[in-house]
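Subject: Structure handover

Hello,

Here is the structure I said I would pass on. Please open it beside this email and look up each residue as you read.

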Amino acid sequence: MQTENIPLNFVPPRPKKIDAEKAAHGTGRWSTDAVLDLIEMPFMALLAKAHAVHAEHFDENAVQRSTLLSIKTGGCSEDCGYCSQSARYDTNLEREALLSTEDVIAAAKAAKAAGSSRFCMGAAWRGPKDKDLDKVVDMVQEVKALGLETCVTLGMLKPGQAEKLATAGLDYYNHNLDTDAEFYSEVISTHTHEDRLDTLDQVRQAGIHVCSGGIVGMGENRKNRAALIAQLANLDPVPDSVPINNLVPIPGTPMAGVDPVDGIEFVRMIAAARITMPTSWVRLSAGRQEMSDELQALCFFAGANSIFYGEQLLTTGNPDTSRDQKLFATLGLKGV
């Protein structure tokens, strides 16, 4: 080794700090094992880590409020095992045709008056027909005119449909991955995990924000849950909004008798979503009605900063606005 030209006061540079979680899989992408390591951290350490990430990117006391309206209910041809709206299951759900634009606008005005900043419209379709999509386009434009963010969930899209929604000014398109690729066939057989990714790609290419998350408690194991978070976090770009749903078992569906996931495990999923997707809105979604205030508080501390607001989520219940207002006051949270 040559030393003649090294000054006497030379100090070797310090090595760069390595992010061990990302170095574990080399590329900066999240592996299932890396997410599993997060989920299996000691609970208090996991909460502290998730909350620190959350506070770095968001106001830790602010929660975004969205209202979800079913604009077309029941009669869906798909066989999603958790869904009350599948025509394949006897769930005693009354089918309803596509709502009128006037009815949707009335609901949107009520949601805005109650404090929601985003209005989401869901239709029980495998995918929209063009004539129905034209009606949804009108709804999006009218809701936008009220000063609300807009989101729709209409199923799988055909080429050109995402562009039509983008032209209407749609802000978000929701299409959940539901579960990881390996477990997917245990939940749905009438379309594939790749079909879901294809629709998300169309949405992204059209310039619409992606809203995509999953459901916890469908019989999957912890590794499946870790894989779901990894798959979401590895989307490029990551979803802007990530709903984490706790299964609401619907009598008549194949998943009516699935054992529920305990609350601590659910909080671990919220924390993993926050750490792996630090700049996304992480939404505490379906199943919140069955959660105690204390469990919801843990979810908010772990990084959930969005909720569905209002008494109904498509066909399942949700805490009423007065309960949420009281909870926000108790925790010192503000709605955005």
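At what angle do helix H9 and H10 pack, and how far apart are their axes? The model is a predicted one, and in it H9 (residues 263-276) packs against H10 at an angle of about 25 degrees, with 9 Å between the axes. Angles under 35 degrees count as roughly parallel, so H9 and H10 are roughly parallel to each other. Their crossing is right-handed. On the H9 side, the contact is made by Gly263, Phe266, Val267 and Ile270, and on the H10 side by Leu295, Leu298 and Cys299.

Two packed helices are described by the angle between their axes and the distance between the axes. A second pair can be described in that way: helix H2 (residues 32-39) and helix H8 (residues 222-233) pack at about 115 degrees, with their axes 8 Å apart. H2 passes H8 in a right-handed crossing. The residues of H2 that take part are Thr32, Asp33, Val35, Leu36 and Ile39, and they meet Arg222, Lys223, Ala226, Ala227, Ile229 and Ala230 in H8.

Some totals for the chain come next. The secondary structure comes to eleven helices and twelve strands. The protein chain has 336 residues, of which 53% count as buried. Among contacts between residues at least 6 apart in sequence, 74% join residues at least 24 apart.

Now the aromatic rings. A pair of aromatic rings is described by the distance of the centres and the angle of the planes. The structure holds two aromatic pairs. In one of them, the rings of Phe58 and Trp281 have their centres 5.0 Å apart and their planes at 55 degrees, so this pair is tilted. The two residues come from distant parts of the chain, 223 residues apart: Phe58 is in the loop between helix H3 (43-57) and strand E1 (62-72), while Trp281 is in strand E8 (residues 281-284). Phe58 counts as buried because its relative accessibility is 17%, whereas Trp281, at 23%, counts as partly exposed. The cut-off between the two classes is 20%.

Phe300 and Phe328 also form an aromatic pair, which is edge-to-face, with 6.4 Å from centre to centre and 85 degrees between the planes. This pair too links distant parts of the chain, with Phe300 in helix H10 (residues 293-301) and Phe328 in helix H11 (residues 321-331), 28 residues apart. Phe300 is buried at 6% relative accessibility, and Phe328 is buried at 7%.

Which charged residues sit over a ring? Arg65 lies over the face of Tyr309, 4.8 Å from the ring centre. The charged end of Arg283 sits over the ring of Phe308, at 4.5 Å from its centre.

His175 is in the loop between strand E4 (172-174) and helix H7 (193-205). With a relative accessibility of 5%, His175 counts as buried. Leaving aside neighbours within four places in sequence, His175 is in contact with Gly155, Met156, Arg196, Thr199, Leu200, Cys211 and Ser212.

Val258 is in the loop between strand E7 (241-246) and H9. Is Val258 buried or partly exposed? Its relative accessible area is 22%, so Val258 is partly exposed. Not counting residues up to four places away in sequence, Val258 touches Gly217, Met218, Gly219 and Leu247. Tyr82 is 176 residues away from Val258 along the chain, and their C-alpha atoms are separated by 9.9 Å.

Last, the backbone. Most residues other than glycine have a negative phi, and most peptide bonds are trans. Asp178 is not a glycine, yet has a positive phi of about 70 degrees. Asp178 is found in the loop between E4 and H7, and counts as buried at 2% relative accessibility. The peptide bond from Asp236 to Pro237 is cis, with omega near 0 degrees. Pro237 is in the loop between H8 and E7.

Regards

Terms used: Residues are numbered from 1 along each chain as its sequence is written. This is a predicted model: local features need pLDDT of at least 70, side-chain atom pairs count only at pLDDT 80 or more; totals for chains, interfaces and linings use all residues. Side-chain values use heavy atoms; hydrogens and water are left out. Rings of Phe, Tyr and Trp (its six-membered ring) pair if their centres lie within 6.5 Å; planes under 30 degrees apart count as stacked, over 60 as edge-to-face and the rest as tilted. Helices (H or I, at least four residues) and strands (E, at least two) are DSSP runs, numbered from the N terminus. Buried means under 20% relative accessible area, exposed over 50%, partly exposed in between (1.4 Å probe, protein chains only). A charge sits over a ring if NZ of Lys or CZ of Arg is within 6 Å of the ring centre and within 35 degrees of the ring normal. Axes are lines fitted to C-alpha atoms, for helices over the stretch in contact, and angles run from 0 to 180 degrees between N-to-C directions. Angles under 35 degrees count as roughly parallel, over 145 as roughly antiparallel, 65 to 115 as roughly perpendicular and the rest as oblique. A crossing is left-handed if the near helix is turned anticlockwise from the far one by less than a right angle, and right-handed if clockwise. Contact means heavy atoms within 4.5 Å.
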